Amino acid sequence: MKIIDAKGLSCPEPVIMLRQAMMSKESAYQIIVDNHASKENTTRYAEHQGYKTTITEKDGEYTLTFQK
């Protein structure tokens, strides 16, 4: 599983990072973001690509796991 650290970045950077990672066609990815907009936008993008999303939150950081 490819892990992407996008803490401190604002959109569209986390979505671009996720899109670039997804070019490898793996079945699972994980991205760590620290703002609501990035959480929503990366989730929307991944689900549009056919991935299911699991989100955990701890101390203001969201860990999103996307799996096919």
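Predicted model: local features only at pLDDT ≥ 70, side-chain atom pairs only at ≥ 80, totals over all residues.
Four strands make up an open sheet with mixed pairing, arranged in the order S1-S2-S4-S3. From one strand to the next, the twist averages 15°. In general, the strands of a sheet pair through backbone hydrogen bonds, in either a parallel or an antiparallel sense. Here, S1 and strand S2 (residues 28-33) are parallel and joined over four bridges. Within this pairing, Ile4 has Ile31 in S2 as its bridge partner.

Two helices can then be placed against the strands. Helix H1 (residues 13-22) packs on the sheet and touches S1, S2 and strand S4 (61-67). The direction of H1 makes about 160° with that of S2. Helix H2 (residues 36-48) also packs on the sheet, where it touches S2, S3 and S4; the direction of H2 makes about 0° with that of S4.

Turning to the rings, a search of the whole structure finds one aromatic pair. The ring centres of Tyr29 and Tyr51 are 5.6 Å apart and the ring planes stand at 70°, which is over the 60 degrees required, so the pair counts as edge-to-face. Tyr29 belongs to strand S2, while Tyr51 sits in the loop between H2 and S3, so the pair ties together parts that are 22 residues apart in sequence. Both Tyr29 and Tyr51 are buried. Another ring, that of Tyr62, has Lys39 lying over its face, at 5.0 Å from the ring centre.

Terms used. Residues numbered from 1 in each chain as written. Heavy atoms only, no water. Pairing = 2+ DSSP bridges. Axes fitted to C-alpha atoms, helices over the stretch in contact; angles between N-to-C directions. Contact = heavy atoms within 4.5 Å. Phe/Tyr/Trp six-rings, centres within 6.5 Å; stacked < 30°, edge-to-face > 60°. Buried < 20%, exposed > 50% of the residue type's maximum accessible area, 1.4 Å probe, protein only. Lys NZ or Arg CZ within 6 Å of the ring centre and 35° of its normal.
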